[in-house]
Amino acid sequence: DDLRNQVFGLMLRPISSMFSIFPRTVRDLAARSGKKVRLLVSGDAIEMDQLAAENLSEPLIHIINNAVAHGIEIPEERLAAGKPKEAQITIAATQKGAEVCIEVIDDGRGVDMDLLREKAIQSGIINSDEAEEMYASEVLELIFHPGFSTLSTATEAAGRGVGLNVVLNAMRELTGSVHIQTQAGKGCKFILKLPVSTAIQ
């Protein structure tokens, strides 16, 4: 048991090293898209498997990119909706037992469920009958389908249909899970859960 605990301790690193890259990521994405975004981070002292943390950075960047490109409105649109001109993205890490949970939350427009269904039908992923019968949670899962995007024209930041599929694949490799919660006009939350130490598992 002592040996296992020592090895376990050597494999763990604070996730602050991974989180440290996100302020610049958010700043650059916001500047390119003409939006004002503030980043809040909590729980970055939590420790997890170093390899898992390294493999998480790219999926988290894709989620942040998705929030800025799709979810967060331009300042004028936010003011018209009664929101502060500056949007907020929160990355919060918590630990419960042997599991780490990382949430990425934005206060943007949320996911347009009708648009998701429409684009999925146009892409041939589902047909209209299937779209009508799907639960909201099932519709949200369409976001992770390879090649899927709600944008008609790809830009530098979004619309290429590669981002969120990368997230799903990475979480599967880490034996974790990813789920989405959304509320129209209020924002979106991505919830990533994975073991503290993938290597030991």
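## Exercises on a predicted model

Thr25 is buried, at a relative accessible area of 16%. Buried means under 20% relative accessible area, exposed over 50%, and partly exposed in between (1.4 Å probe, protein chains only). This is a predicted model: local features need pLDDT of at least 70, side-chain atom pairs count only at pLDDT 80 or more, and totals for chains, interfaces and linings use all residues. Residues are numbered from 1 along each chain as its sequence is written, and side-chain values use heavy atoms, with hydrogens and water left out.

**Exercise 1. Place Thr25 in the fold.**

Step 1. Find the element. Thr25 lies in helix H3, residues 22-33. Helices (H or I, at least four residues) and strands (E, at least two) are DSSP runs, numbered from the N terminus.

Step 2. Look across the chain. Ile64 is 39 residues apart from Thr25 along the chain, yet their C-alpha atoms are separated by 8.2 Å.

Step 3. Set the helix in context. The protein chain has nine helices and seven strands.

**Exercise 2. Work out which face of helix H6 is buried.**

Step 1. List the buried residues. In H6 (residues 113-122) they are Met113, Leu116, Lys119 and Ala120.

Step 2. Look down the axis. The buried residues of H6 fall within an arc of 130 degrees, so they line one face of the helix. The arc is that of the directions from the helix axis to the C-beta atoms.

Step 3. Check the other side. There, Asp114 and Gln122 are exposed.

Step 4. Find the partners. The buried residues of H6 pack against helix H8 (136-141) and strand E6 (177-183). Contact means heavy atoms within 4.5 Å.

Step 5. Inspect what follows. Just after H6, Gly124 takes a positive phi of about 80 degrees.

**Exercise 3. Describe the largest nonpolar core.**

Step 1. Define the term. A nonpolar core is a set of buried Ala, Val, Leu, Ile, Met, Phe, Trp, Tyr and Cys residues joined through side-chain atoms within 4.5 Å.

Step 2. Size the core. The largest one has 53 residues. Those with the most contacts inside it include Leu56, Leu60 and Phe190.

Step 3. Name the main contributor. Helix H4 (residues 50-71) gives the largest share of this core, eight residues.

Step 4. Follow one residue. Not counting residues up to four places away in sequence, Leu56 touches several others, among them Met18, Ile102 and Leu194.

Step 5. Widen the view. Buried residues make up 41% of the 201 residues in the protein chain.
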